[in-house]
Amino acid sequence: GVGIGSGGGGGGGGPAMRRKAEQERVNMQNMNVPSRLARIYNAAVTHLRHHLPMVAYALGDADGDAALVQLVHVEAERRAVDIMRDFMEERRLGETVRRAGGVAGRIEERYTSSSSSSGDGEGLFGGLDETNLAGVMGLGQANTDIASKRALAQRDDCGFASEVGNLADVDASQEEWALVMQSTESYERFIRHAVEEVCKARRLRREQRREERRRLEEAEEAKGRDAGDAMAGGSARS
């Protein structure tokens with residue numbers, strides 16, 4: 001098997017190797033999700049960069065390079081998916097997203113219904129001049145009515161805090177997933193590039209084989225013509 005990150009490779013080895021593998025598993029469990037994924041992706045990239053040129057040279061004619069890329073990618077993908085699935089279940093992200101959708105709908109309904117029912121254009125920013133709009137945004141002084149509306153809106157968050165959670169925690173979670181997406185996209189770009197290089201090398205090998213066959217056929221034809229000319233010359237002399 002191909003060892004990627006901790007837990008890769010066979011289960012053999014002496015006590016020292018088993019202790020090292022166990023320590024690596026513990027270290028992985030203590031890492032946050034972006035760090036664990038980055039470690040898996042980096043291990044896959046390092047493995048391919050080290051072994052792919054040698055495999056392509058020795059086993060390229062048997063498509064060994066393509067098999068190596070596929071093997072490493074399948075293993076990395078399996079480990080990454082397991083980590084993401086466990087994280088989503090632990091944080092109950094599916095349920096949180098569903099509740100956040102309900103909160104977003106209530107917020108949208110509040111302002112759209114306010115605008116349509118009042119008939120005076122008051123919705124989210126209706127009826128505000130530049131001074132009062134700056135006050136609502138916390139950039140200046142607003143009149144008493146606008147200030148009271150702002151305070152009421154801050155107190156009534158349409159259930160955001162109770163349904164989704166603290167805004168700081170939500171921001172931290174989004175930043176964490178931004179790192180997950182960033183490392184995943186970087187790894188995906190590397191894998192795509194590796195596949196393109198393998199396909200390019202495969203096309204080059206096929207072209208080289210066709211060229212070799214063409215040259216061999218031309219050599220055989222030339223040899224046949226030379227033999228025919230020699231026979232014709234001998235017959236003429238006789």
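The model is a predicted one, in which local features need pLDDT of at least 70 and side-chain atom pairs count only at pLDDT 80 or more, while totals for chains, interfaces and linings use all residues. Residues are numbered from 1 along each chain as its sequence is written, and side-chain values use heavy atoms, with hydrogens and water left out.

**Overall fold**

- The chain has eight helices and zero strands, both taken as DSSP runs numbered from the N terminus (helices H or I, at least four residues; strands E, at least two).
- Of the 238 residues in the chain, 21% are buried, a term that stands for under 20% relative accessible area, with exposed meaning over 50% and partly exposed in between (1.4 Å probe, protein chains only).

**Helices α2 and α3**

- Helix α2 covers residues 33-59, and its 27 residues reach 36 Å from the first C-alpha to the last, close to the 39 Å expected at 1.5 Å a residue, the expected span being 1.5 Å times one less than the number of residues.
- Helix α3 (residues 64-91) has 28 residues that should span 40 Å at 1.5 Å a residue, and its end C-alpha atoms lie 41 Å apart, which agrees.

**Positive phi values**

- D63, in the loop between α2 and α3, has a positive phi near 60° although D63 is a residue other than glycine, and its relative accessible area of 31% makes it partly exposed.

**Aromatic contact**

- The structure holds two aromatic pairs, counted where ring centres of Phe, Tyr and Trp (its six-membered ring) lie within 6.5 Å, with planes under 30 degrees apart called stacked, over 60 edge-to-face and the rest tilted.
- One of them joins Y41 and Y187 in a stacked arrangement, at 4.7 Å centre to centre and 10° between the planes.
- This pair links distant parts of the chain, since Y41 belongs to helix α2 and Y187 to helix α8 (residues 167-237), 146 residues apart.
- Both Y41 and Y187 are buried.

**Second largest pocket**

- The second largest pocket holds about 380 Å³ of space, a pocket being an open set of points on a 1 Å grid over the protein atoms alone where a 1.4 Å probe fits, with protein on both sides within 12 Å along at least five of seven lines.
- Among the 16 lining residues, the closest to the centre of this pocket are L93, T96, V164, V170 and S173, lining residues having an atom within 4 Å of a point.
- Helix α4 gives the largest share of the lining, six residues.

Conventions: Points joined across faces, edges and corners; volume = space filled by probe spheres on them.
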